[in-house]
Amino acid sequence: MAEINKAIRGTADVLPNDSYKWQFVEQKMLETASLFGFKEIRVPVIEHTEVFTKSVGDTTDVVQKEMYTFNDKGDRSITLRPELTAGTVRAAIEHGLLNDALPLKVCYIGSCYRYEKPQAGRYREFHQFGVECFGAAVPAADAEVISLASRVLSNIGIKNLSLEINSIGCPECRKNYHAALKEYFEGNKELLCDTCKDRLDRNPMRILDCKCPECKKVAENAPVVIDYLCDDCAAHFEGVKKHLDAANMKYTVNPKIVRGLDYYTRTVFEFISGDIGAQATVCGGGRYDGLVGQMGGPKTAALGFAMGIERLMLVLDAQKAEFAPAKSCDVYIAPMGEAASLAATSLCTLLREEGFMALTDISGRGLKAQMKYADKIGAAFSAVIGDNELETGKCNLKNMQTGDTVEVSIPDGLVGAVYEAKISVMLEGIENATENFSVK
Ligand code: ATP
Ligand code: MG
């Protein structure tokens, strides 16, 4: 029997006391992307399975081992997206976005699903922030996208990352490379896992990112693709490095990076953290000039990256990063009695219209318990409203940190509109008091 009080293995809840961190990170991501001209796109969590098999590649680990694929009630094969590039390309083609003025620059934040062995930094549901840039063929584009990734990471406060780049060439230069790889792995065939034995004929490059320790060991001494680049790909890679220098980016060339998805061509890159153990790649990306055409769209040079938000959170925690604090209660209105409760409802309504976080009792608590609660949630100010306050139209606004109080006018909440003038007095009162007490 499935346990109904336990989240599915490899999935996690973001709890109310932590969600402000996610909000902070996601806001920085979208904000930074917009500085580079990227607009948000939202695509479905489910796609036809072929959207992924034809793009990510049917010899990749993702497609062969990790996809959540099922038949829906109409007997169509549906897959929960393992990444967002394929869906984004599908959407760009479907809506004719690639016929508009290029480059098309889009970004996204969304959940992804992969049936992997859950461990630190590796989950079955995780979240990616990513960007895709279409119609951008020259090295300046690679450098711009890589700088954007770097800027996002620094804007959310992440330190100590290294950038590793490589070029995996185009289908043309890969022919020779595949032949060399095949020859190398043929000689070590018995050491490979069954999946990789099968890959040997179909797509030997995929053996390079197999997770089996045995295959990894064999792959260590395999030929590297960068030695097989054609002139155009080599020139492109030199251009990328020059533009990265011009953008002030530090990087190392790591000839072993191939990335786990089939659609990549030429530039590939990763940002790696030294602070979170084995699952150290927080961002991966690259160019995929063939993908749009392969998926039935107009031939369009393109590139992008995706970062795993959970891994970024792990780095931020490990680095004890500071987040913009969560919004907390500006004022707690503590009513005593039925009439006061109605007044508190009106008051809170007005205060919220003015942009304050105003809270009042909705649990039917007595005054003492209410004040304890106001304290617990860290309310900046509080005001007790009882018969006396309703009668005089005035109440004491208490600074919860210092205990100081000021007398301010309150509206007769039951006929709020008539007392609008008084409301502004109260709001002013709060603002003045805020300044005086210098809490907010
Ligand atoms: P890995 O080699 O760690 O499996 P990958 O090459 O499969 O990564 P990509 O498909 O390039 O990863 O996805 C981009 C980013 O998404 C990764 O760099 C990582 O930060 C994050 N990511 C990928 N898979 C997971 C997962 N199962 N759980 C959490 N984050 C993930
Ligand atoms: Mg993976």
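## Salt bridges and an open sheet

A search of the whole structure finds 23 salt bridges. The model is predicted. Three of these pairs are listed below.

| Pair | N to O distance |
|---|---|
| Lys 21 and Asp 317 | 3.8 Å |
| Lys 182 and Asp 201 | 3.5 Å |
| Arg 287 and Asp 289 | 2.8 Å |

The side chains of Lys 21 and Asp 317 meet in a salt bridge. Lys 21 belongs to helix H1 (residues 19-35) and Asp 317 to helix H11 (residues 309-318), so this pair ties together parts 296 residues apart in sequence. Lys 21 counts as buried, at 17% relative accessibility, while Asp 317 counts as partly exposed, at 45%.

Lys 182 and Asp 201 also meet through their side chains. Lys 182 is partly exposed at 30% relative accessibility, and Asp 201 is exposed at 55%.

In the pair formed by Asp 289 and Arg 287, Arg 287 is buried, with a relative accessible area of 0%. Salt bridges with shared partners also join Asp 18, Lys 21 and Asp 317 into one network.

The structure also has an open sheet of 5 strands, in the order E13-E12-E14-E15-E16, with mixed pairing. Strands E13 (358-360) and E16 (405-409) are its edges, each pairing on one side only. On average, neighbouring strands are turned by 25 degrees against each other, direction ignored. Strands E14 (residues 381-385) and E15 (residues 394-399) run antiparallel and are joined by 3 bridges; Ala 383 has Leu 397 in E15 as its bridge partner.

Helix H12 (residues 338-353) lies across E12, E13 and E14, at about 165 degrees to E12. Helix H13 (residues 367-376) lies across E12 and E14, at about 175 degrees to E12.

Notes
Residues numbered from 1 in each chain as written. Chains lettered and ligands numbered in written order. Predicted model: local features only at pLDDT ≥ 70, side-chain atom pairs only at ≥ 80, totals over all residues. Heavy atoms only, no water. Pairing = 2+ DSSP bridges. Helix = DSSP H or I, 4+ residues; strand = E, 2+ residues; numbered from the N terminus. Axes fitted to C-alpha atoms, helices over the stretch in contact; angles between N-to-C directions. Contact = heavy atoms within 4.5 Å. Salt bridge = Lys/Arg side-chain N within 4 Å of Asp/Glu carboxyl O. Buried < 20%, exposed > 50% of the residue type's maximum accessible area, 1.4 Å probe, protein only.
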